[in-house]
Amino acid sequence: MDHNPGNSVRNNFYASADAFSALVSQIPPDSWEKTALGVWNLRDLVGHTSRALLTIESYLGKPSTGPDLLSAFDYFAAVKNTAGSAEEVAQRGREAGNNLLPNPASSVSNIVTRVKDLVEGNTDDTTVGTPWGTMTLERYLPTRTFELTVHSLDISRTLGVATPSNLGPSISESLELIGKLASLHAEADELLLMLTGRPNHLKTTCVV
């Protein structure tokens, strides 16, 4: 697939999707039950992460009755109080993981290929009708890059493998967003102190 080198939003999304797929392909067959993040095992975490791609299929080109969301920050701010309980989120991850069976790595590879082709076939101003409001594809993709990047880091740490080398720009984009999201939890000062080497640390996470 030949992408426009000047479109960083799309290229960061493609890179994060490819990194996710590459990491999943490294998971040994006997490691899918390994504890990964909170109550999730690796299969649950991979299932949850796959939803960052599957929502594009679900929402692309569909209308929404919600407000216009003008940025990734607006999206996560809207999601913040309405994403459901922790157990509901955890259960969705488990169900998504089970949906990848019997071969999760192959299923993820197919999803990545399918969704990248879908994105490539649509313009930046294509409507994305999320449950929280309407966005353009260009504004929605950074929310997907963020989810894919953060959870790819979770997966790489669980596996004990290096961060994929192509994630650098996506990590930079995600760092910019997480700085803004910290303000939703009144933790921007703690985040700044942590990132500048102070002995402070965040008490909770800003990741939705």
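Predicted model: local features only at pLDDT ≥ 70, side-chain atom pairs only at ≥ 80, totals over all residues.
The largest nonpolar core comprises 46 residues, of which Phe13, Phe20, Val46, Leu53, Val119 and Ile155 touch the most other members. Two or more residues each come from α1 (8-24), α2 (42-59), α3 (72-79), α5 (104-120), α6 (137-159) and α7 (168-181). The greatest contribution, 8 residues, is that of α6. Beyond its neighbours within four places in sequence, Phe20 is in contact with Val46, Thr49, Ser50, Leu53, Val108, Val112, Leu148, Ser152 and Ile155.

Helices α1 and α2 pack at about 145 degrees with 12 Å between their axes, and the crossing is left-handed. On the α1 side, Phe13, Ala17, Phe20 and Val24 take part, meeting Val46, Thr49, Ser50, Leu53 and Ile56 of α2. This contact involves 7 nonpolar residues, 2 polar ones and no charged ones.

The whole structure contains 5 salt bridges; three of them are listed below.

| Arg10 | Asp124 | 2.7 Å |

Arg10 belongs to α1 and Asp124 to the loop between α5 and β3 (127-130), so their bridge ties together parts 114 residues apart in sequence. Arg10 counts as buried because its relative accessibility is 9%, whereas Asp124, at 25%, is partly exposed. Arg43 lies in α2 and Glu33 in the loop between α1 and β1 (35-37), 10 residues apart in sequence. Here Arg43 is buried at 14% relative accessibility, while Glu33 is exposed at 54%. The bridge of Arg114 in α5 with Glu57 in α2 links parts of the chain 57 residues apart; Arg114 is partly exposed at 40%, as is Glu57 at 30%.

Definitions and conventions. Residues numbered from 1 in each chain as written. Heavy atoms only, no water. Core = buried A, V, L, I, M, F, W, Y, C linked by side-chain atoms within 4.5 Å. Buried < 20%, exposed > 50% of the residue type's maximum accessible area, 1.4 Å probe, protein only. Helix = DSSP H or I, 4+ residues; strand = E, 2+ residues; numbered from the N terminus. Contact = heavy atoms within 4.5 Å. Axes fitted to C-alpha atoms, helices over the stretch in contact; angles between N-to-C directions. Left-handed = near helix turned anticlockwise from the far one by under 90°. Nonpolar A, V, L, I, M, F, W, Y, C, P; charged D, E, K, R; others polar. Salt bridge = Lys/Arg side-chain N within 4 Å of Asp/Glu carboxyl O.
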